[in-house]
Structures are given as structure tokens and as C-alpha cells.
Amino acid sequence: MNNIDNILNNYFEGKTLPEEESRLKEYFRSSTVLPQHEIYKPLFIAFDKEKQIAAPVFEIPAEKNRKKPFPIWKLWIAAASIAAVTLLVVTLFPHKNKVGIPSGDYLVFINGNEVTNPQKAQQYADKMFMQADEIIRTSYKPIVEANVIQTEMDADRIFDDLSQKINYIESVKQ
Amino acid sequence: MCMNAQQFQHQILCYSDKLYRMARSVLKDESLSQDAYQELMMRLWEKRGQLEIIENQQAFVLTSMRNLCIDWLRKQQPNGEIPANATYPAPGPHQLTEEADTVNTISRMIDLLPEMQRTIVRMKDVEEMEVKEIAEIMSITENAVTVNLSRARKKLREMILTHQQQEKLLYEQHR
């Protein structure tokens with residue numbers, strides 16, 4: 001037991017090796033502790049007892065559905081797409097002045113003839129629009145008239161009117 | 001990549017008991033220790049995205065726990081805690097009957113040690129950590145750990161012997 005005394009002394013001097021400390025703990029956990037060492041038994045029991053102290057429960061908070069950050073490469077694609085569309089619009093639809101006539105060379109084809117005078121082209125277009133309007137108006141008139149006839153010839157309405165008249169006559173007779 | 005709940009459970013919550021015991025050792029108050037533990041866990045959960053890159057997670061979380069508790073201790077006791085040269089007060093007869101459990105008496109004796117000494121003695125003798133690990137957590141040299149451990153154990157021995165003498169004296173007085 002001299003060995004235990006030595007280890008114990010070294011322990012209190014802070015000079016014990018981990019293996020010696022393990023041996024000391026095992027000794028004090030056993031039922032063979034000598035009376036002269038009994039005084040130190042509570043110390044080692046206290047260490048074991050403290051090791052049994054458990055933490056309170058920690059509830060992990062529910063994870064929020066974090067929105068994933070928009071990837072940079074997607075931003076680049078979006079920017080490139082916008083740039084491409086803008087370029088396309090500028091190319092296909094050139095800038096026009098306030099009166100709506102292109103500022104560059106003017107050329108339209110009317111009935112296979114080249115017309116370079118914007119006013120003449122405009123007059124021709126107006127005339128064409130007026131003719132189109134007249135055609136639509138005259139074409140639409142028979143349709144309106146047909147609708148009126150269809151309304152007047154409505155079978156349900158005619159039968160309703162007839163049944164009302166019959167009822168009236170019968171009531172007068174009685 | 002951000003740590004999910006399962007990873008947090010495996011990598012951080014596995015140190016729960018050690019963290020809570022560390023809080024109890026520093027704060028010496030059960031209720032306050034529970035609050036400090038919950039506070040740290042919540043902070044760790046919020047910062048879980050940064051925990052993956054930490055090499056020694058055990059050392060990191062234990063250091064964080066100790067620092068948080070020391071901050072709380074400073075807020076509560078601006079003048080500091082028990083001085084380093086505090087001695088174990090002789091128990092009265094009333095205390096002796098109440099403290100029949102000598103194991104609790106030992107825990108009280110450890111609590112009388114200065115914060116650094118009691119934390120080191122508990123990390124060594126309760127948590128069975130190596131001097132190198134303790135040095136990393138406490139941010140001191142291994143030699144400083146050994147010196148503090150030696151001082152703490154010597155004081156504990158003194159307190160145990162004093163307590164035994166007081167008990168004998170009281171026992172003879174009441175015979």
C-alpha cells in the first residue's frame with residue numbers, strides 16, 4: 001500500500017500520470033480502501049458523482065425555410081438576356097421622330113409601285129382605310145337586319161304570346 | 001454548408017453535459033447555469049453555419065461556455081468573486097448534521113477554489129481531460145495548467161484535513 005501512498009502524494013502535488021490517476025480512482029471505488037485513506041474517499045466519489053450531472057434538454061429550434069440566395073451565375077444569365085432583348089428591339093424598331101415618319105430614306109410599295117413621298121403614301125393609306133370601313137359597315141348591315149328578324153321569329157316568344165292570348169280568350173268566355 | 005439539426009445533435013449536443021457542468025463550476029448556481037447553457041446553445045445554433053470550419057469543436061464550445069459564464073459572473077459581481085486565498089470555513093455543529101453527505105461537502109470545497117483552479121480540477125478529475133486539452137480550453141500553457149492543478153489539489157487536501165479535524169473536535173465536545 002506504500003505505492004498507493006506515493007501515488008496519493010503525487011496526486012496532491014499534481015505530479016501523477018494519467019495511468020496512476022486511473023489506478024487511484026479504481027482503488028477508491030473499491031471496497032478495499034485502507035482506514036488511513038478513507039478520509040480521501042469522498043473526494044473521488046464526489047468526482048464520480050459530479051460526472052453524473054446531466055444537462056437540461058435543449059430543444060433545437062425549428063429550421064426556417066430559408067430562401068436560397070439567387071446564384072450569381074443566374075444573375076449574369078438574366079442580365080445577358082435583358083441586354084440581348086434590348087439590342088434586338090433597338091435593331092428591329094429604329095427610332096422614329098414625333099410625326100411618326102422615319103427620319104431616314106422613305107420607301108413603300110403600293111400596288112407594286114415604289115412610293116418615296118410620305119404624304120402620298122399616307123393619303124393612299126387613309127383612302128384605303130376609309131374604303132375598308134365602308135365595306136365593313138355595309139357588310140355588317142345585313143347581319144343586323146338578320147338578327148332583328150331572328151328575334152321576331154323567336155319560337156319561344158311566339159308560343160308564349162299565343163298561350164297568353166288563349167288564356168285571355170278563355171277567361172273572357174267564362 | 002449549414003449544419004442541420006441532426007448534425008448539430010451529433011457534433012455539438014454531444015458536449016451538453018460537459019458544457020452544463022462547466023457552467024455549474026464557474027457560476028456555482030444551478031438555475032443560472034441552466035440559463036447560461038440554454039443561451040450558449042441558442043447562440044451556437046444560430047451560428048451553426050460557422051461551426052463546421054472549427055477544427056476542435058469540443059475546445060471551442062467549452063471555451064465559449066466558460067467565457068459566457070465569466071461574463072455573466074462579472075455582470076453579477078463587478079468586484080470579482082471569492083478571492084484566490086479563501087479558506088474553507090470551519091463547519092458548525094448544525095452544518096455537520098445537515099451535511100451528513102460528505103460528498104456534497106467536497107463539492108462545496110471545490111467551489112471555494114478560485115474559478116481557474118476549480119475549473120481545471122474538474123476538467124482533469126471529473127471530465128478526465130488531458131492537460132493539453134485543458135490548456136487549449138483555458139487559453140494558458142500546459143505548465144500553467146499543471147501549476148494550477150497542483151495548487152488546487154493541495155488546497156483541497158488542506159480543506160479535507162481541516163474538515164476532519166473540526167469533525168473530531170466537535171465529536172469530542174459532544175461526547
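The crossing of α2(B) and α8(B) is right-handed, a crossing being right-handed if the near helix is turned clockwise from the far one by less than a right angle, and left-handed if anticlockwise. The model is predicted: local features need pLDDT of at least 70, side-chain atom pairs count only at pLDDT 80 or more, and totals for chains, interfaces and linings use all residues. Residues are numbered from 1 along each chain as its sequence is written, while chains are lettered from A and ligands numbered from 1 in the order in which they are written.

Helices (H or I, at least four residues) and strands (E, at least two) are DSSP runs, numbered from the N terminus. The angle between α2(B) and α8(B) is about 150°, so the two are roughly antiparallel (over 145 degrees). Axes are lines fitted to C-alpha atoms, for helices over the stretch in contact, and angles run from 0 to 180 degrees between N-to-C directions.

| Helix | Residues | Axis distance |
|---|---|---|
| α2(B) | 16-27 | 9 Å to α8(B) |
| α8(B) | 115-125 | 9 Å to α2(B) |

Residues B:R21, B:M22, B:S25 and B:V26 of α2(B) meet B:E115, B:R118, B:T119 and B:R122 of α8(B); contact requires C-beta atoms, placed from the backbone, within 7 Å.

Chain B has ten helices and zero strands. Of its contacts with a separation of 6 or more, 69% join residues 24 or more positions apart.

Between the chains, 22 residues of chain A are in contact with 31 residues of chain B. Helix α3(A) gives the largest share of the chain A side, eight residues.

Methods
Contact = placed C-beta atoms within 7 Å. Parallel < 35°, antiparallel > 145°, perpendicular 65-115°, else oblique.
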